[in-house]
Amino acid sequence: MVLRQVLSGACAVALLLGALTACTPEPIVGIPAASPGAESLVVGTPQVPDGVNPLEGALLANVYAAALNAAGVKTSVKTANETQGSLVSNLQLSSVDIVPVYSRVALADVAPALTAEATAEVLEALKTSLPDEVGILDATKAEVSDAMVVTAVTAQKHQLKSLSDLGKICDKLSMGGSAAFESADRGLAGLGSDYNCVPKTYLPLAPNEQPNKDSVVWSLLRDSIQVAELHRSSPAIEDNSLVVLTDPKQLFLTQNVVPLVASKKVPAEVQEVMNKVSAALTSQELTNLNRLSQDTQFGGLANVAKAWLVQQGLIKASS
């Protein structure tokens with residue numbers, strides 16, 4: 001498979017004007033202070049939001065780890081099942097040193113009583129709620145949120161563009177998504193209260209894109225369900241020309257991916273490398289990262305992460 005990089009609008013304009021350097025990221029270089037005897041840093045795998053393919057969190061952890069390894073900093077990834085307690089508490093205890101978190105998930109961990117609507121408010125609330133031992137780095141532009149999607153055939157058949165449209169015929173359609181979505185306030189209950197959308201049936205399905213009967217994408221494409229709960233970072237939306245129904249009442253809230261670090265363990269030059277990675281991680285690139293993980297030629301997640309970093313121009317193919 002040829003690595004595919006989707007250019008932003010600004011970058012595309014720069015190319016048309018012949019200004020390639022305007023959209024080329026500054027590559028990661030070696031950190032002089034990184035020595036063979038230095039203590040290894042550990043990147044924790046984040047808890048993903050409900051409905052997100054669990055693999056996405058591991059991909060994010062591997063991307064930051066691969067970037068630091070390319071800079072000469074010994075870094076390993078601790079998988080979710082190796083982590084006990086919350087990731088923020090593990091950062092305090094230095095059982096992990098770095099965690100790329102989802103902002104609303106992290107805020108619910110450290111300050112469950114706090115509520116914030118806008119993504120910027122969530123990031124500010126998270127920053128002020130973190131313990132002194134934990135620092136927050138630059139947030140990525142990767143925003144994730146729930147979405148209700150239908151196939152192009154279903155959208156055309158029922159003239160569906162928004163969740164308001166869906167509410168008019170919801171009782172005639174079957175819906176699928178995560179088990180938690182069925183009972184969440186901003187899930188099936190929210191669709192009912194905000195859009196008068198109560199589906200004919202709801203099937204709890206796995207948030208992955210593997211071809212089996214328990215997968216939400218597979219079920220949608222086979223018309224076992226007509227409406228699916230997916231996260232916008234799913235490459236299945238683009239790859240299958242699925243239609244995302246607009247959400248005029250903003251039932252589904254967005255959140256950012258943002259790295260947290262154990263402040264005393266992660267020096268400034270390491271944080272600078274991580275900020276370079278975060279600057280490249282847009283919503284579209286998070287989707288592309290997920291897409292790369294489906295290509296078996298790369299093998300494990302560490303190789304997928306390196307391939308994405310090479311694609312972004314952040315490291316060389318030989319790094």
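How do the axes of helix 12 and helix 13 cross, and within what distance do they come?

**Entry 1: basis.** I worked from a predicted model, in which local features need pLDDT of at least 70, side-chain atom pairs count only at pLDDT 80 or more, and totals for chains, interfaces and linings use all residues. I numbered residues from 1 along each chain as its sequence is written, and side-chain values use heavy atoms, with hydrogens and water left out.

**Entry 2: helix 12 and helix 13.** I found that the axes of helix 12 (residues 283–293) and helix 13 (residues 301–311) come within 9 Å and cross at roughly 135 degrees. Axes are lines fitted to C-alpha atoms, for helices over the stretch in contact, and angles run from 0 to 180 degrees between N-to-C directions. Helices are DSSP runs (H or I, at least four residues), numbered from the N terminus. The angle makes helix 12 oblique to helix 13; angles under 35 degrees count as roughly parallel, over 145 as roughly antiparallel, 65 to 115 as roughly perpendicular and the rest as oblique. From helix 12, Glu285, Leu289, Leu292 and Ser293 meet Val304, Ala307, Trp308 and Gln311 of helix 13 (contact means heavy atoms within 4.5 Å). By class, I noted five nonpolar, two polar and one charged residues in this contact. Ala, Val, Leu, Ile, Met, Phe, Trp, Tyr, Cys and Pro count as nonpolar, Asp, Glu, Lys and Arg as charged, and the others, Gly among them, as polar.

**Entry 3: helix 2 and helix 13.** I next looked up helix 2 (residues 55–70), which packs with helix 13 at an angle of about 65 degrees, the axes being 8 Å apart. Helix 2 contributes Leu55, Ala58, Leu59, Asn62, Val63, Ala66 and Ala67 to the contact, and helix 13 contributes Leu301, Ala302, Val304, Ala305, Lys306, Trp308 and Leu309. I recorded twelve nonpolar, one polar and one charged residue in the contact of helix 2 with helix 13.

**Entry 4: helix 2 and helix 12.** The axes of helix 2 and helix 12 come within 10 Å and cross at roughly 100 degrees. Helix 2 and helix 12 are therefore roughly perpendicular to each other. I listed Leu55, Glu56, Leu59, Leu60 and Val63 of helix 2 as meeting Leu286, Leu289, Asn290 and Ser293 of helix 12. The contact of helix 2 with helix 12 divides into six nonpolar, two polar and one charged residues.

Note on methods. Helices (H or I, at least four residues) and strands (E, at least two) are DSSP runs, numbered from the N terminus.
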